[in-house]
Amino acid sequence: MNFDFTDKEEAFRKEVRAWLEANLPDDLRGRAFASSRAGREEVQKLRAWQKRMHAAGYVGMDWPREYGGRGASIVEMVVLYQEMARAESPQLVNRGGVSMLGPTLMKYGTPAQRTRFLPKILTADELWCQAFSEPNAGSDLANLQTRAVLEGDEFIVNGQKVWTSMGHVADWCFMLVRTDPAAPKHKGISFLLVDMKTPGITVRPLRQITGEAEFNETFFDNVRVPAENLVGKLNEGWAVAITTLAYERDLLTFIRHISLRNALHRLIKLAQSRGRNTDPVMRQTIAGLWIGERALQIGGYRSLTRILKGGQPGPEGSTSKLFWSQLDQELALTATQVIGPYAQITEGSAWAPDHGQWEFYELLARGSGIRAGTSEILRNILAERVLGLPKD
Ligand SMILES: Cc1cc2nc3c(=O)[nH]c(=O)nc-3n(C[C@H](O)[C@H](O)[C@H](O)COP(=O)(O)OP(=O)(O)OC[C@H]3O[C@@H](n4cnc5c(N)ncnc54)[C@H](O)[C@@H]3O)c2cc1C
């Protein structure tokens, strides 16, 4: 395993660092580790930021040139994310589109779908949300019940999705529907692209513990979707969905530690400014978090090395997610111990350290062990697929 970046990669780092320094708007700087991204005004700012990054060639960098990307390597992507974190830039607002749907369309989409959708994913002119989960289909996603019936050249969709992040501001969603209820549950599922403005779609915000409503319930009531919006084959959407989820999981394995490092730097400054850096127990706790963040980074580099050598991503995606969520929650808790009662003060008060991001972070971190695979499910994967323990 080689920890060094090549001269070309280091030159790219310099270029992107200088660009971010010159271009990141002040009102977005420093909002990298925990801040609301669901308010409509905020989303507008973030769309404009993605557009600017796209114009400079920094969105979808690993996409092939024919689809508007730069054909860059995964390592350059990692460098870009490291530099965005260093500059305290927010993440791309359309990241579900860029990291998940875009690559899925490149693999399964028709030429017409690629031409129609890919360019506007990159520019954030069309914001995408993911409508997979349902009230009885989260961990057991294949249990989904939302029905789509093909009538002529349209699907008629009926059912309910839940936890649809950014559904209230998205222009389109990629969704899973059941098209053959008689088939075994992993079969008979199809993958559709749906315009969120179609009559019959109702989006109801769900207020979260953080106070914001970033995710939603989404209802589909006789929603007509053109048959040409089917991705992959009819009833074979499960394989498409697995590809979509794998893109999300794989890239995150390499960069997951970056958000932690950002917060950790802030935490150290906070401990210093409050005189807690001389407390031996606190020093030990922070050192433990630092070691954890580095372990996560090195684990990520190991997977990256394996993939660069032509291997496949292994179960380390699950280990990384599980370990990350534990560190994330420990870090948030440690910050509240450093800050004391002020940790409860929300954004907007002059008394809130780091503009209230710690209060937001502590509450946001509650969901870290749920989204993108709950900790219990990840432990099951490790037990069964890595350790080879019996299923029951
Ligand atoms: C912040 C956030 C954003 C999200 N955004 C989206 C989104 O944009 N689009 C989308 O489609 N979904 C989204 N989700 C949904 C997410 O994928 C699900 O919450 C997750 O898959 C868990 O499903 P569930 O909530 O139905 O819980 P359940 O699957 O009902 O699980 C409930 C509990 O039972 C445990 N459990 C379940 N099965 C087992 C088992 N076999 N063994 C042991 N324990 C088990 C779980 O670990 C959990 O503790 C989001 C979730 C969060 C928290």
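**Entry 1: a word I need first**

I call a residue buried when its relative accessible area is under 20%, exposed when it is over 50%, and partly exposed in between. I also note that I am looking at a predicted model.

**Entry 2: helix α4**

I started with α4, the helix that covers residues 95–108. I counted who is hidden there: 10 of the 14 residues are buried, so the helix is largely enclosed by the rest of the structure. The buried ones are Gly97, Val98, Ser99, Met100, Leu101, Gly102, Pro103, Thr104, Leu105 and Met106.

Next I checked the length of α4. From its first C-alpha to its last the helix reaches 19 Å, which is close to the 20 Å expected at 1.5 Å a residue.

Where does α4 bend? I found a bend of about 35° at leucine 101, and proline 103 follows within four residues. Both Leu101 and Pro103 are on my list of buried residues.

**Entry 3: the whole chain**

A compact globule of 392 residues would have a radius of gyration near 21 Å, and the chain has 21 Å, so the two agree. Along its principal axes, I noted that the C-alpha trace spans about 70 × 50 × 45 Å.

How much of the chain is buried? My note says 49% of the 392 residues. For the accessible surface I wrote down about 18800 Å², with 54% of it belonging to carbon and sulfur atoms.

I looked at contacts too. Among those with a separation of 6 or more, 73% are between residues 24 or more positions apart.

**Entry 4: a hairpin**

Then I turned to strands β2 (residues 147–151) and β3 (residues 154–161). They run antiparallel and are joined by 5 bridges. One pair I traced by name is alanine 148 with its bridge partner in β3, valine 157. The two strands form a hairpin with 2 residues between them, and in that turn glycine 152 has a positive phi of about 65°.

**Entry 5: threonine 218**

I picked out threonine 218, which sits in strand β7 (residues 215–226). Is threonine 218 buried or exposed? Its relative accessibility is 1%, so I count it as buried.

Who touches it? Leaving aside neighbours within four places in sequence, I listed contacts of threonine 218 with Gly159, Gln160, Lys161, Thr164, Met196, Ile201, Thr202 and Val203. Three of these names, Gly159, Gln160 and Lys161, took me back to β3, which covers residues 154–161. I also looked up glutamine 297, which is 79 residues from threonine 218 along the chain; their C-alpha atoms are separated by 36 Å.

My last stop was the loop between α8 (316–339) and α9, where I found aspartate 354. Histidine 355 lies in this loop as well. Aspartate 354 has a positive phi of about 50° although it is not a glycine. For histidine 355, also not a glycine, I noted a positive phi of about 55°.

I compared their cover. Aspartate 354 has 22% relative accessibility, so it counts as partly exposed, whereas histidine 355 is exposed at 59%.

I wrote their names down: Gln357, Trp358, Glu359, Phe360, Tyr361 and Glu362.

Technical notes: Residues are numbered from 1 along each chain as its sequence is written. This is a predicted model: local features need pLDDT of at least 70, side-chain atom pairs count only at pLDDT 80 or more; totals for chains, interfaces and linings use all residues. Side-chain values use heavy atoms; hydrogens and water are left out. The expected span of a helix is 1.5 Å times one less than its number of residues. The bend at a residue is the angle between axes fitted to the seven residues ending there and the seven starting there. Buried means under 20% relative accessible area, exposed over 50%, partly exposed in between (1.4 Å probe, protein chains only). The radius of gyration is taken over C-alpha atoms; the globule rule is 2.2 Å times the number of residues to the power 0.38. Contact means heavy atoms within 4.5 Å. Accessible areas come from the Shrake-Rupley method with a 1.4 Å probe; for residues, only the protein chains shown count as cover. Two strands pair if DSSP finds at least two bridges between them.
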